[in-house]
Amino acid sequence: MTRVRQHQTQDELLVFERSSPGKVGYQLPALDVPAADPVEVLGKERVRESIDGFPEVSEVEVVRHFTRLSTWNYAIDLGLYPLGSCTMKYNPRLNEAVARIEGIVDAHPYQPESMAQGLLRIQRTLETYLADIAGMDAVTLQPAAGAHGELTGLLMIRSYLESQGSPRRVVLIPDSAHGTNPATAAIAGYETREIPSNREGMIDLAALRLAADDSVAALMVTNPNTVGIFERDIAAVADILHRQGALLYVDGANMNALVGIARPGDFGADVMHLNLHKTFSTPHGGGGPGAGPVAVKAHLESFLPVPRIREEAGGLRYDWDRPKSIGRVRAFYGNFGVLVRALAYILAHGGDGLRNATVDAVLNASYIRRGLEDDYDLPYNAPSMHECIFSDARQAKYGVKTGDIAKRLIDHGFHPYTVSFPLIVRGALMIEPTETESKQELDEFIEAMRAIAREVEADPRLVRSAPVTTRTNRVDETLAARKPVLTWRGTPE
Amino acid sequence: MLAELGLEAAEDLFASIPAQLRQKEPLGIPDGQSEYEIRDFFESRASESARGYACFLGAGAYSHFRPVVVDSLATRGEFLTAYTPYQAEISQGILTSIFEFQTMVAQLTGMDVANASMYDGSTAVPEAGMMAARITRRQRLLVARSIHPEYRQVLETYYRHQRLPTSTVNWDPRTGQLDLEDLEASLSDDVAAVIVQSPNFFGIIEHIGEAAELAHRSGALLVVVVSEAASLGLLAPPVEADIVVGELQSFAHPTSYGGPYVGILATKDRYIRQMPGRLVGATLDSDGRRAFCLTLATREQHIRRAKATSNICTNQALVALMATIYMTVFGKRGLRELAEQNLAKAHYLADSIESKEAERVFSGPFFNEFVVRPTARTAREVNALALASNIVGGLDLGRFFPELKGTLLICATETTKRADMDRYTECFGRIP
Amino acid sequence: MDYPIDYRYSREHEWVRLENGTATVGITHHAQEQLGDVVFVELPSVGSKLEAEGAFGAVESVKAVSDIYAPISGDVIAVNEALMDAPELINSDPHGEGWLVKLTVFDRSEIQRLLNADQYTKYVAAESDE
């Protein structure tokens, strides 16, 4: 364990417990207009008493509070973040800077179009580049995240099929799919039917042929799939669906394996979403914000959400007159600040640079796979793309499960990989390094994983009790769920 | 590294992609650019915007004073570049701040609990509707026409394609408040929830208590939408509601051309298990020390899949953190003072404009937005005049409501300067 | 694990105990072990009608939800209120204090179709070998 050393961090109370009456951390300018008495203007019953329990602290206390909290987090800025399917890559600081340029960050969504040409241009440019990357004909930037993009895509499929006669009833989903796929299908009003994977971890074509009847609206598929393998038969999959009048929805969660190498539009996708907070480097920020643009082929273009951006002689305009549109999926124009960051990433890389990033991402994953295959069980033999999947089959014999190995990785100085997903692999370890990492960082990670494999054999109890070096020991999630405490309600006497 | 893998060329890494599916042509994206060039590109785009203009637009996106500590803390790499805190032992910082966020949202809204965030105010509305439908086992939503029209459009998109019914309730054309008689007449035993915004899209404060009573009497829930969070510093919280959703952009993020913002969803204890989105709960670690973790995850898509309470996964955590820092900086006194300044400025501006050639359209009490109808010129002329002197005027409501064509929705916050208000007021005057 | 010989078992891992025309239903030791620490139980209200093999509630652990299927048909005459505050009873005493509902029995032949303790033990062993 050369990578970590004990390090002092400060304890910190909740901000409510730090609070003392009368303290303030803000300053507002004096009013330059006559004050209005709230009770007089609004009536007594409309005016609240003070906000019970709300904090009262000084500015330096605010700074210390949140700085102390920040030191309790792991982050990509601290090291490799090998979460499979999450694409935790470096978040360039330039992106943060350009998103905060005056004229962009303080723009109002309803300022006149003539006064927003630069902002429409940013969107238009990003739409064009994303369409090129996806091999599709048109893009909406409105969805706020991947799952929101899925919903947008399915509602478009629904409207499209309706225009062909019937929205149909069923959405097919491989058993290896992300949970958002079936959840989205349900919200879009579809039943879901599961398609089993074959021994190689790919969609079972025979099962698909059986399932794809005229009640099926679409298949939602991630490619490379969630076991990190390219669906070799994807063109045949698309063909089976299209023959039945059904559509192919591609979940772009794993686009980091394809950008510049292969385009979903070329292998039969009708609709897909992209995750800008994965493939296009916008920061995860502890869970969001993201953005989930949706790309479509020409036959679905008229169903895209309003407004669309149209190029006219006098400049760019919003086009609201789209009678077939599914409508709006979010107020205004989506997570605009996230779009700015993603465009900065694309401009910095350029076409070749994006392709090189993909090559490095796949190379890094292949390198990790080679480095760990002697110590961990590989459930599938097909070559890995940008992530590799192992199982805990060998370690389970010592009573150690994937979740334990993951926690032990923390003691070795790394964030855990994705645990127990996809569901089709018992005890999965899903590792995605991204192109961000150097060979040295990868070697250290491989060495940590190998060391854990040896620890499992020598001292399984140690691994099961991990993490032992963190300021917080293993957290009791059962207690949290049995007796939910979701807000601070005063310190118990 | 390639050699160590026994590969000759980078191309070999992609051997599993059939050759005919590989991209033949390179991407049509220009060559990579340097930091300097990229900054230059965005500076140029920013100059094609309303940079440096005074702005009287609100309508769901509010300009408020943001203390510098908000960004200096929220851009720390340990917050900015962390993932969703599934690994509690190395995510206590984020988890603690989300717990504080949930608590402050509950305190502000008068609810018992709040979730870790929704995408924004607009998408939180259909989520609240679906939650109410699960609780009441009814389907119809009764929506005030005076909620943010884009929120209603989003709701329509979510509902129409599932063939779920919605209907609307009018506003009282005198006061701009919900027409309670229309509400009473529209309620029936298939209504899952009544959805009302306060202050509503016209800036008018609603009678929440009366709406709640009518809704509850017919077995429906009351969903209250708040799109201007700054109002909660001053206005009585909607404690009569069953679910409060809305937008915390005012406390979190600059207007940023419409996003990223941060949606909230708060409710009563008894509905916790029907909530969408992530929740952080307090617990103990194995040494008995206080700790936090994501909890009640069985409601969510990654576990319950097709039966989840929502499909939401990624939320707006970083923007929620900004809001948490903002609310902590301002605190109990600051949010009150901030709200009082908004009230004072908006009333000053409304009185000034009314003293010129314009009339107020609604008589109901308002917070920091109001609707006027210019009488000497058209709304379009007023705003054209304003634009010529670097002012972005109010929103012409004809864009959303045919019957309000020619009226302007005007907003003033604590950042609106008196001198700018006086200049804008002049634009309403008679041509000398 | 010794499964009580006077109980009957379903392939969905519920048990039934018959006493004076009333059936008590719970989930088996094996089921609770698979699920891990139970944190929440969703039960039907008294008076609802259950149909054999229909889902009538759910048992949740931190990271999993399992539907509970009625092993036999019947009217719910009691639910185990103690589980609302102490769902851990399902882990500590699945065949006793951790019971879920009591039913009036319509059709005794439905019970005869279920597995006996011996058959269930073998069924569980075969399932775990897969």
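Colleague: Why does the radius of gyration of chain A agree with that of a compact globule?

Modeller: In this predicted model, chain A has 493 residues, for which a compact globule would have a radius of gyration near 23 Å; the chain has 25 Å, which agrees. Its C-alpha trace spans about 75 × 70 × 45 Å along the principal axes. The secondary structure of chain A consists of 15 helices and twelve strands.

Colleague: What share of the contacts in chain A joins residues at least 24 apart in sequence?

Modeller: The share is 72% of the contacts between residues at least 6 apart in sequence. As for burial, 57% of the 493 residues in chain A are buried.

Colleague: How is chain A divided into domains?

Modeller: Chain A has domain 1 at 15-70, domain 2 at 94-347 and domain 3 at 353-479. These bounds come from an automatic or database domain assignment. Taken over C-alpha atoms, the centres of domain 1 and domain 2 of chain A are separated by 42 Å.

Colleague: What makes helix α7 of chain A mostly covered?

Modeller: A residue is called buried if 20 or more other C-beta atoms lie within 10 Å of its own. Eight of the eight residues of α7(A), which runs over residues 180-187, are buried, and the helix is therefore described as mostly covered. They are Thr180(A), Asn181(A), Pro182(A), Ala183(A), Thr184(A), Ala185(A), Ala186(A) and Ile187(A).

Colleague: What covers the buried residues of α7(A)?

Modeller: From chain A, the cover includes α6 (146-163), β2 (170-174), β3 (191-195), β4 (216-222) and β5 (247-252); α10 (301-304) of chain B is included as well. Just after α7(A), Gly189(A) takes a positive phi of about 85°.

Colleague: Why does the radius of gyration of chain B agree with that of a compact globule?

Modeller: For 432 residues a compact globule would have a radius of gyration near 22 Å, and the 25 Å of chain B agrees with this. Its C-alpha atoms fill a box of roughly 85 × 55 × 50 Å along the principal axes. Chain B contains 13 helices and 15 strands. Of its 432 residues, 63% count as buried, and residues 24 or more positions apart account for 71% of its contacts with a separation of 6 or more.

Colleague: What makes the largest nonpolar core a core?

Modeller: The largest one has 352 residues. Those with the most contacts inside it are Leu248(A), Tyr249(A), Ala193(B), Val194(B), Ile195(B), Val223(B) and Ala323(B). The largest share of this core, 22 residues, comes from α11(B). Leaving aside residues up to four places away in sequence, Ile195(B) touches residues including Val125(B), Leu141(B), Val143(B), Ile147(B), Val223(B) and Val225(B). In soluble globular proteins, nonpolar side chains tend to be buried together.

Colleague: How many residues of chain B are in contact with chain A?

Modeller: 157 residues of chain B are in contact with 164 residues of chain A. On the side of chain B that touches chain A, the largest share, 23 residues, comes from α11(B). This side has 77 nonpolar, 50 polar and 30 charged residues.

Colleague: How many residues of chain A are in contact with chain C?

Modeller: Four residues of chain A are in contact with five residues of chain C. The side of chain A that touches chain C has one nonpolar, one polar and two charged residues.

Colleague: Why are β1 and β5 of chain C called edge strands?

Modeller: Each of them, β1 (8-9) and β5 (49-50), pairs on one side only. They belong to an open sheet of six strands in the order β1-β2-β3-β9-β8-β5, with antiparallel pairing.

Colleague: How do you know that β1(C) and strand β2 of chain C pair?

Modeller: Two strands pair if there are at least two bridges between them. β1(C) and β2 (residues 14-19) of chain C have two bridges, in the antiparallel sense, and therefore count as a pair. In β2(C), Val16(C) is the bridge partner of Arg8(C).

How values were computed: Residues numbered from 1 in each chain as written. Chains lettered and ligands numbered in written order. Predicted model: local features only at pLDDT ≥ 70, side-chain atom pairs only at ≥ 80, totals over all residues. Helix = DSSP H or I, 4+ residues; strand = E, 2+ residues; numbered from the N terminus. Core = buried A, V, L, I, M, F, W, Y, C linked by C-beta atoms within 7 Å. Buried ≥ 20, exposed ≤ 12 C-beta atoms within 10 Å, placed from the backbone. Contact = placed C-beta atoms within 7 Å. Nonpolar A, V, L, I, M, F, W, Y, C, P; charged D, E, K, R; others polar. Rg over C-alpha atoms; globule rule 2.2 N^0.38 Å.
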